[in-house]
Amino acid sequence: MASMVCFPFKKERIDVVLRNVRIAAKHSRTSVVLLVAAGKNETYEGIAKEILAIEQENGKKIILKVQERVGSLRPGKGDGMNSALKIFHDYRPKLERLHFYDADIESFSPLWISKAEDAADLEYDLVRHYFPRSSTDAQITWQVTRVGFSLLWPHKNIAHIQQPLGGELLMSRRAVKVFLDSPEVMERSDWGIDTMYTFAAVKSGLSINEIYVPQGKLHALYGGLRDLKTMLIECFNAVQTIKKEIIDTNSVHHVQAAEAVPVEVREKIGYDIEKSLELLRENWTTEQESLLKLFPDRIASGLMSARNFPKWGFMDEVAWVDAYRVLLDNFDKDNEDWCELLFKLWVSRVIHYTMRHVLRGYDAALSELNAMVRNVQLSSGKRVIQKRRELVKSSPLIGQPPSPTTSYLSATSEEQIGAGLGLGETPPSYSSVPTV
């Protein structure tokens, strides 16, 4: 199978990017290497100077392009990746597989490509890389995306995907077409693109294989959590925009077993803790104080008290899920006060997790994150089942089991179902539901 390997990039260390390009170009399964730039800058110019030499070294085609304006939101990662989908689709001779890898991965090796190709040889439509992460890394993945998927679709495979925001994946030609045909995917020009790829894949029934890369993804660290604000907002908004979407499929989903976590990953700190402590005290407005009235009192009073001195003890796992429900119903990405309030709530959650669980060691911290996701799936799943039973009891068609592909949303109001949990879930039939 002929494959294209794509590295989207913005401003990166040129030596790291070129090293990764050479690795991809040398791989026996690679036919074309594509680099998609956010714009022409120093990184772009440095790469352009080396393309001819790399082509001559390996006899492979190297393409360098500036991303198109494809979506309708903030120009960003989504435009870069979706530009690559279009280039891949139109490339001749026709290619069958498209890989994506972040350009700044310092631990990238031929193994990343080989393992993905091996999985694709088994005819999986989408192959996602997952890998060990620092206990303080991936806090948007854990606290936002995995919690959101577990709240909204607790019975579906989407709630169990290990790396829903990963930029490292392989798409079959079929998957590329699914994404190109999806309005939700193509309009998502920002950080929310990974959320939409995952959602569209599951909704359309694509088979997914998550492969484990044991050396982990070593790349440049962020500074304080403030650096992640835009990503946080766009990833949360991506979940929010699909909260009422129905998933009526359960496609094949395989997860390769994890292995021992390298020392350099276990000891890595994913963000500057000291720099982040001040964030709970910054940029307060009277409008944010007013918006806090929508939240449970323990959350509102806890965050308000953090204006004077950094506090985070109020934002445990239960409080975060309660806050998440309110945010799903009320958050407005175009309102800066809502954006800043979401950011503060998330910061307090990340700091609480860090101080409460990370200090107990790597294994304890990761165990806590997994337990949090499982608990959300369990509580949301039970709620979905209970609402299903209530609807059946009150239906004039008692005794006639509902179609397994018909959402109960089509027959009742959001208020009857319960706000904020399982809004996009198609509950399983009773024959497949365990006693709870």
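Biologist: How many cavities of 30 Å³ or more does a search of the whole structure find?

Modeller: In this predicted model, the search finds one cavity of 30 Å³ or more. About 40 Å³ of space lies in the largest cavity.

Biologist: What makes a residue part of the lining of the largest cavity, and which residues line it?

Modeller: A lining residue has an atom within 4 Å of a cavity point. Phe131, Pro132, Arg133, Ser134, Asp137, Gly216, Lys217, Leu218, Val265 and Lys268 line the largest cavity. By class, that lining has four nonpolar, two polar and four charged residues. Gly counts as polar here, so Gly216 of the lining belongs with the polar residues.

Biologist: Why are α15 and α16 called roughly antiparallel?

Modeller: The axes of α15 (residues 317–330) and α16 (residues 336–356) cross at roughly 165 degrees. Angles over 145 degrees count as roughly antiparallel, and therefore the two helices are described that way. Their axes come within 11 Å, and the crossing is left-handed.

Biologist: What makes up the contact between α15 and α16?

Modeller: Contact means heavy atoms within 4.5 Å. Glu317, Trp320, Leu327 and Asn330 in α15 meet Trp338, Leu342, Leu345, Trp346 and Arg349 in α16. Six residues of this contact are nonpolar, one is polar and two are charged.

Biologist: How do you know that the peptide bond from Arg92 to Pro93 is cis or trans?

Modeller: Look at omega: for this bond it is near 0 degrees, and the bond is cis. Pro93 sits in the loop between α4 (77–90) and β4 (97–100).

How values were computed:
Residues numbered from 1 in each chain as written. Predicted model: local features only at pLDDT ≥ 70, side-chain atom pairs only at ≥ 80, totals over all residues. Heavy atoms only, no water. 1 Å grid on protein atoms, 1.4 Å probe; cavity = no way out; pocket = protein on both sides within 12 Å on 5 of 7 lines; lining within 4 Å. Points joined across faces, edges and corners; volume = space filled by probe spheres on them. Axes fitted to C-alpha atoms, helices over the stretch in contact; angles between N-to-C directions. Helix = DSSP H or I, 4+ residues; strand = E, 2+ residues; numbered from the N terminus. Parallel < 35°, antiparallel > 145°, perpendicular 65-115°, else oblique. Left-handed = near helix turned anticlockwise from the far one by under 90°.
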